[in-house]
Structure formats: structure tokens, C-alpha cells
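Visitor: Could you walk me through the structure shown here, taking a few residues and helices in turn?

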Amino acid sequence: DDDIKNDDQKENNIKEEIEFLEDRDKEKLDVKRIDEIINSHEILLEIKKYFEIYNKENDIKMNMIYLEKFIRSVILIIYKLNISKEVDNKIMVKLVYDLLFSDQSSVIIDEKIKNYILKEKLNRDPLNKYFFIGISKIENYMISLYLYCAMNIPIYVFGPPGVGKTAGAECLARIRTKIEKLEGNYKKYAFNSATTPSDIFGAETLVDGQVKLIDGPLTESALNGQTFIADEMNLSSNSTMMSLIPIFNNIRNRYIYFPGLTTPIKINPNFWFGAFQNYEGTAGRNATPHELSLKLVRLDYPTVEVEDIKNICIRIRDTIYKNQNSNISDDNILQLAVFMIKLNKRREDGNLASAEAWSIRNLENIINRMAEQQKCEDITYKSIQYENCSLYINVLFYVLSYIDFESVDDSFDEILNLITDCFQLGENGEELRKTYYSKPEISYDGCTKFFSLKKYNSSIKFRNSKIGNNINFLNKV
């Protein structure tokens with residue numbers, strides 16, 4: 001940096017970086033369009049302008065690593081959005097600079113860019129799970145997430161449990177796989193306190209007398225240019241998080257050695273990494289190592305209220321029930337949202353530490369259960385019938401299914417009271433208790449025939465609404 005003495009030298013320096021990037025990334029992009037971007041004098045001057053702004057505003061000047069990241073990100077954003085006719089390239093360059101080097105809370109995204117990303121990019125999920133559409137603060141978060149993804153800039157996201165961090169990441173990963181025509185699907189790995197580097201990178205092992213490399217999910221994603229979702233990364237140890245650093249040292253397209261692997265790998269330029277986790281300081285969470293945080297851009301998930309969760313779940317319900325009438329009302333959805341928030345709060349307070357924290361995924365599973373049970377009322381599924389399986393009965397047994405058997409009795413009253421409160425059961429809460437402790441009544445046609453002649457089909461009807469009640473009895477069943 002100190003050798004740069006005049007504007008011509010600065011411009012030549014930036015041109016050299018662009019030429020390098022052209023050789024590295026060109027084969028993955030439209031050659032004609034990328035040439036137009038690289039050869040644009042206007043874009044070049046804007047990059048130089050912000051290069052100088054950075055050096056004036058910071059004590060440490062922009063090094064070649066940051067400059068390369070800046071240039072590459074500008075090229076990728078302009079190329080992937082392809083809206084130069086509607087939005088000036090100067091605005092695009094400034095946006096990239098702000099996303100990379102400014103305080104995230106101060107970043108303002110042009111309305112035309114936001115509308116384009118929402119309509120043309122984020123509305124392309126193959127599974128049609130657009131749970132964030134219509135909720136402005138989550139829309140803005142997803143737009144930012146898409147922009148970092150488009151630039152291949154690794155990020156780590158913090159937020160409370162149950163608000164849709166991982167659901168949003170998976171939605172974006174599916175969209176990215178589709179619109180960028182990536183090979184294979186995204187990879188997701190759930191980190192925990194026992195996670196080791198070999199779990200995510202892989203290891204060399206002996207197979208049929210030969211040493212073979214078994215790639216881990218992170219290595220596979222890096223090789224194939226896929227999205228890697230690090231779910232709850234900060235549950236892992238400091239040493240495991242530190243082992244991730246080499247994956248972000250993709251400088252000048254060099255081969256990189258991963259921890260525990262003797263064979264270096266070349267990272268596919270389409271690879272993208274995102275970590276999605278609860279806030280540091282909550283139970284079992286470790287602080288992100290400083291060295292790792294320097295490699296990632298931090299995002300905070302927007303504050304989500306009960307009404308926001310309700311609207312998200314209504315969209316999920318309408319997607320699941322698109323071919324059948326819903327047996328879950330909007331009020332029921334609100335009750336589910338309140339239950340999730342209160343359950344997670346009691347876990348944090350230590351009152352229900354044995355229960356699993358709930359998220360949008362769990363609410364979606366409950367809605368799916370209700371939908372499947374309703375299908376059984378159709379004549380097509382008449383061999384199996386469910387009677388009186390209410391929403392709160394499903395919630396009760398779903399919560400209990402994630403608790404260790406030894407902890408069920410200790411947690412039951414707390415869970416029952418919470419369900420009674422959230423679903424406004426009143427005196428029916430005691431009926432729910434009886435449901436849990438009763439034995440299920442099961443009737444079937446032709447008992448002997450059912451057990452002795454497998455060629456015959458027999459229908460099983462659960463005549464008691466209290467099925468799935470006693471865990472010991474269910475194990476016998």
C-alpha cells in the first residue's frame with residue numbers, strides 16, 4: 001500500500017486484481033457479461049474511490065486480501081442481480097462497500113434492489129416455503145442474507161431460539177441451489193459440545209487395508225461449491241470453531257490443508273458458509289474466537305414478536321393444507337406461537353431444562369401432524385382413524401417425546417400447566433392429565449387372522465381419544 005504514489009498506480013493495482021479474478025471465476029460465469037463488468041471504467045473508478053475512502057477512514061489501510069474481496073464482491077453482485085438498467089452501478093458499488101466495511105445497522109439498501117431480490121430471487125424456493133414474505137423486518141433480513149450469499153461472503157447470525165434462523169437459511173440454500181444451478185443440495189450440520197474437526201472435515205481411515213479419505217459435510221460442500229449451514233456452531237468447543245478458519249483462507253485460488261487431512265483441497269468458488277445460532281452467554285454457548293470472527297460478517301436476526309410468528313405459521317399452515325381443509329384456526333396458530341415463546345423462556349430460566357427448545361420447525365411438525373391425522377378421516381385412508389386428537393394433545397406428546405424417560409415425571413406438571421395456560425383449557429387441563437395416564441383402547445378386526453395370516457389386511461381403529469398416552473404401554477404396543 002505504501003508503494004502506491006499516484007492515481008495511475010492505484011488504478012493499475014486494482015486492474016491487476018481484476019485480471020486475477022477474471023481468470024479464476026470466469027469459467028463459472030457468463031464470459032461476455034463478466035467481461036463487460038470487468039472492463040467498465042465507471043465501475044473501476046468507483047472501486048478506486050471507496051478504496052481511498054477506506055484508507056482515509058481507517059488507521060490500517062485496505063490490504064490486498066480486503067481489496068480482492070471487495071472487487072470480487074462487486075463483480076458478483078452486479079453480475080448476479082443484473083439490474084444495471086434500473087439501478088446505477090455506483091449504487092451497487094456503494095452497497096457492496098457498506099455491506100463489507102460499514103456498521104450493519106447503518107446499511108441502507110435501495111428500494112429497487114430490495115423489490116427485485118424479493119420478486120425475482122427470494123420467491124424461487126422449490127418447496128414454496130416463503131414464510132418471511134409480508135413480514136418487512138424478516139424480508140429485509142433475508143435480502144441482506146441473499147446479498148452476502150451472492151457475494152460468497154461467509155456470515156454468522158445470532159438470534160433467540162425459535163424465530164426461524166435455520167428455517168430461513170434452508171430456504172435461502174434451496175433458492176440458491178436452484179437459481180445458480182449448483183451441483184447437489186446444501187449441507188447442514190448440527191454442532192454440539194462433542195463436535196470435533198473430523199466430524200465436519202472428515203478423516204482418513206483404513207478401508208480394506210487401504211487408507212482412504214472420508215470427506216465430512218463441510219469438505220464436501222467446499223469441494224462441490226454448495227451452501228454449508230453450521231447450525232448452532234457456538235455449541236461446539238473453542239478448538240473446533242478455530243479449526244474452521246482455514247476454510248476461509250481461499251486466497252488466490254490456492255490449495256488448502258484442512259485439519260486432520262494430509263491431502264490439500266481446492267475450494268470451489270461457489271462455496272458459501274453460514275452459521276446460525278443462539279446468542280452467546282445462553283446455556284452451553286461459547287464465545288466466537290476472535291480470529292474466527294475476523295473471517296465472518298455478523299448479522300443479528302430481527303426481533304420477532306408473537307404476531308410475526310403467528311403470520312409465519314399461518315403461511316406454513318396454508319402451504320401444508322393447500323389440498324385439504326384446515327383443522328387449525330388462526331387462534332390455534334396464535335396459541336402455538338405463545339406456547340413456543342413461553343416454553344423457551346422457561347427453559348432459559350431453568351424451569352424446564354430437560355425439554356428441547358422449540359423453533360419454527362417444531363411448530364411446522366405439529367401442523368403436519370394435524371394435517372396427516374385429518375387425512376385419515378378421508379375414505380382413502382379409512383383403514384386408520386384418529387378420534388379426538390386435538391391440537392393440545394399433539395403438543396403434549398410432542399414435547400414429551402423429546403424428554404428423557406427418567407425426566408418425564410419431573411417435568412410433566414410444568415408442561416401440563418403451560419399447555420393449560422396457553423391453550424386456555426381451564427378445567428379440561430385435568431382431563432388432559434387423565435389422557436396421559438390412561439391406557440389406550442385398541443380394537444382390530446379378526447385378531448387371530450391379523451396375527452396369523454399376513455396376506456389379509458386388517459384395519460386398526462383407535463377407539464379411545466387417549467392414544468399415545470402411557471409411554472410404558474406404548475412401548476409394549
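Visitor: Is Thr219 buried or exposed?
Guide: In this predicted model, Thr219 has a relative accessible area of 0%. Since a residue counts as buried when that area is under 20%, Thr219 is buried.

Visitor: Where is Thr219 found, and with which residues is Thr219 in contact, leaving aside its neighbours within four places in sequence?
Guide: Thr219 is found in helix H10, which covers residues 217–224. Once the neighbours within four places in sequence are left aside, the residues in contact with Thr219 are Ile200, Phe201, Phe258, Leu261 and Ile265.

Visitor: Why do the buried residues of H6 line one face of the helix?
Guide: Helix H6 spans residues 111–121, and its buried residues are Ile113, Lys114, Ile117, Leu118 and Lys121. They line one face because, seen down the axis of H6, they fall within an arc of 130 degrees.

Visitor: Which exposed residues does the face of H6 turned away from the buried side carry?
Guide: The buried side of H6 is covered by elements including helices H4, H5, H7 and H8. On the face turned away from that side, the exposed residues are Lys112 and Lys119.

How values were computed
Residues are numbered from 1 along each chain as its sequence is written. This is a predicted model: local features need pLDDT of at least 70, side-chain atom pairs count only at pLDDT 80 or more; totals for chains, interfaces and linings use all residues. Side-chain values use heavy atoms; hydrogens and water are left out. Buried means under 20% relative accessible area, exposed over 50%, partly exposed in between (1.4 Å probe, protein chains only). Helices (H or I, at least four residues) and strands (E, at least two) are DSSP runs, numbered from the N terminus. The arc is that of the directions from the helix axis to the C-beta atoms. Contact means heavy atoms within 4.5 Å.
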